[in-house]
Amino acid sequence: MPLPLIAAGLVTGIALIAAVGAQNAYLLRQGLRRQHVGALVTLCAASDVVLIGLAVLGVGAAVQQWPAFLTLARWGGGLFVIGYGLHVGWRALRPGETLVAGAGRQVSLRRALTTMAALTWLNPHLYLDIIVLGSIANTHGPQGRWWYYAGLVGASILWFSVLGFGSRRLAPLLARPRAWQVLDALIALVMLGLGVALLTGG
């Protein structure tokens, strides 16, 4: 029966994707600003569809055999995330640049997508998760693995949609500039912590 496999993939996918990370933090902030949410949700979900699909096909095994790839991703991703964390931290220290929900300086679609792509594709933890998910999926056999994959894809679409489009419900809590400063400070700490962990191999 495919339903248990789909459900298993859904639960596993949510458990991994919902972890606090740079990708989720950026999507949350853009969702609160109501800027390019649909495009960013689509990019996040599409990235998972492609990468998890490749992992199910066995490409994850090839990544395991090329340690240099994860090393490059670790350093590239770590430096980028630290840079972005410093940028957000600087913004948190400047009250004049804080935003009210749904307003503020518009970030271009190209810049938003480029930032999200970097936060997604330069994260070596993503590839480690993909390898794990691909290995688990393939334990269910040639047919079952695709039902499990369907659950994983469903989890990705569900999570990113809820995070991106549902974040606007937090707008009343962020009506004051101080609230945006606190949010930016927390995001900066998350980014810096992740970046340092990547560079140190943590």
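**Helix pairs and ring pairs**

Helix 2 and helix 6 run roughly antiparallel to each other (axis angle over 145 degrees). You're looking at a predicted model, where local features need pLDDT of at least 70, side-chain atom pairs count only at pLDDT 80 or more, and totals for chains, interfaces and linings use all residues. Residues are numbered from 1 along each chain as its sequence is written, and side-chain values use heavy atoms, leaving out hydrogens and water.

**Exercise 1.** Work out how helix 2 and helix 6 cross, and which residues make the contact.

*Solution.* 
- Start with the axes, which are lines fitted to C-alpha atoms over the stretch in contact, with angles from 0 to 180 degrees between N-to-C directions.
- For helix 2 (residues 22-33) and helix 6 (residues 109-121), the axes come within 8 Å and cross at roughly 155°.
- Next, list the contact (heavy atoms within 4.5 Å): helix 2 brings Ala22, Gln23, Tyr26 and Leu27, and helix 6 brings Arg111, Ala112, Thr115, Met116, Leu119 and Thr120.

**Exercise 2.** Find the aromatic pair and say how its rings are arranged.

*Solution.* 
- Searching the whole structure turns up one aromatic pair (ring centres within 6.5 Å, using the six-membered ring of Trp).
- The ring centres of Trp146 and Tyr149 are 5.4 Å apart with planes at 85°, so this pair is edge-to-face (planes over 60 degrees apart).
- Both residues sit in helix 8 (residues 141-166), three residues apart, about one turn of the helix.
- Tyr149, at 15%, counts as buried (under 20%).

Notes: Helices (H or I, at least four residues) and strands (E, at least two) are DSSP runs, numbered from the N terminus. Angles under 35 degrees count as roughly parallel, over 145 as roughly antiparallel, 65 to 115 as roughly perpendicular and the rest as oblique. Rings of Phe, Tyr and Trp (its six-membered ring) pair if their centres lie within 6.5 Å; planes under 30 degrees apart count as stacked, over 60 as edge-to-face and the rest as tilted. Buried means under 20% relative accessible area, exposed over 50%, partly exposed in between (1.4 Å probe, protein chains only).
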